Structures are given as structure tokens and as C-alpha cells.
Amino acid sequence: MTYVLPATATEWIAEYRSRLNESDAFASAAAGWGVDFDGSFRFDVLPDDNYDGPTLSFFIDVVDGNCVRASYLDAPREQSAAFRFYGPATQWKRLLTGDLDPVEGRREEMFELDGDIQKVLQYATAIQLLTETAAEIDTAFDY
């Protein structure tokens, strides 16, 4: 099935959660994540020259290798998270189609990351798998 963003954002995030929870590699790499600290993420797709709609925000909560909650946020300002990864829609499109590595995108300042960077570095493989799993979902874009 092809998921179209933003039209099927709710279905897309449900598929993302399902795939994360089916991944033995993710469960192993994320073991310990969110244990004794808040392991929640908010991903914000910001409007840019190619997408002039509202910010698309997704929330996931990972605890010890399991995505315990995932949702599309209709009102993103009402949901805080320990970690926030955000950037322009054009770069998200590249990321979700596998054309851009998240580390490269962050290094080249295409994306911003808020949160405990030491935790992100400690769980670098799990963070990489978050991106790879998202890129495995057949995703099209309304922009």
C-alpha cells in the first residue's frame, strides 16, 4: 500500500509503529531506550517552498525497544517530547525516500535536533533504524 502525506498521515504513523515493533534489529538496538528517561520523539515536517500546508507532526514513544505509542498530531504544540527532529518538507521527502541520510542532513543543517545528544549518540544504531524503517514505507507526497 502507498501512503500519501499529508492525506494519510494517521495511517502512515500506524504503519510506522507496526514496522518498528516487528523489527528484531530495532528491538535489539533500542533496548534500554526510554528506561529511566523519557524516550519520546516528535518529528515535525515544516512548510517550505514546495509545501505550503500546515506543519505535519508525528509523535512516537519508545521504551526498551518497543514503540508503545505513535500518533499523528493534529495540534502539535499540545504534545511535547524529550526529542524533537525537524526540518523542511523538501528534506523530509528526501529522507523518507532514502535519498538523504539523517546524519548527513543534520550535519549539513537541513534538520535540527533538540534533546539529549549524548543519548542519541549512545543509541546511534537505533536512531539510524528509526530512519531506515520510515524509508521502507511506500510513501508518496501531496507536494
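The model is predicted: local features need pLDDT of at least 70, side-chain atom pairs count only at pLDDT 80 or more, and totals for chains, interfaces and linings use all residues. Residues are numbered from 1 along each chain as its sequence is written, and side-chain values use heavy atoms, with hydrogens and water left out.

Me: Why is S40 called buried?
Reply: Buried means under 20% relative accessible area, exposed over 50%, and partly exposed in between (1.4 Å probe, protein chains only). S40 has 2%, so S40 is buried.

Me: Why is Y72 called partly exposed?
Reply: Its relative accessible area is 23%.

Me: What share of the chain's residues is buried?
Reply: Buried residues make up 45% of the 143 residues.

Me: Which strands hold S40 and Y72?
Reply: S40 sits in strand β2, residues 40-46. Y72 sits in strand β4, residues 66-73. Strands are DSSP runs (E, at least two residues), helices are runs of H or I with at least four, and both are numbered from the N terminus. The chain has six helices and seven strands. Their order is β-α-α-β-β-β-β-α-α-β-α-α-β.

Me: What makes the link between S40 and D38 a polar contact?
Reply: A polar contact is a pair of N or O atoms within 3.5 Å; within protein, one must be able to donate a hydrogen and the other to accept it, and residues adjacent in sequence count only if both atoms are side-chain atoms. The side chains of S40 and D38 are joined at 2.7 Å, so the distance passes.

Me: Which residues does S40 touch, leaving out those up to four places away in sequence?
Reply: Contact means heavy atoms within 4.5 Å. S40 touches F59, I60, D61, A81, A82 and F83.

Me: How do you know that the chain agrees with a compact globule?
Reply: The radius of gyration is taken over C-alpha atoms, and the globule rule is 2.2 Å times the number of residues to the power 0.38. For 143 residues a compact globule would have a radius near 15 Å; the chain has 14 Å, so the two agree.
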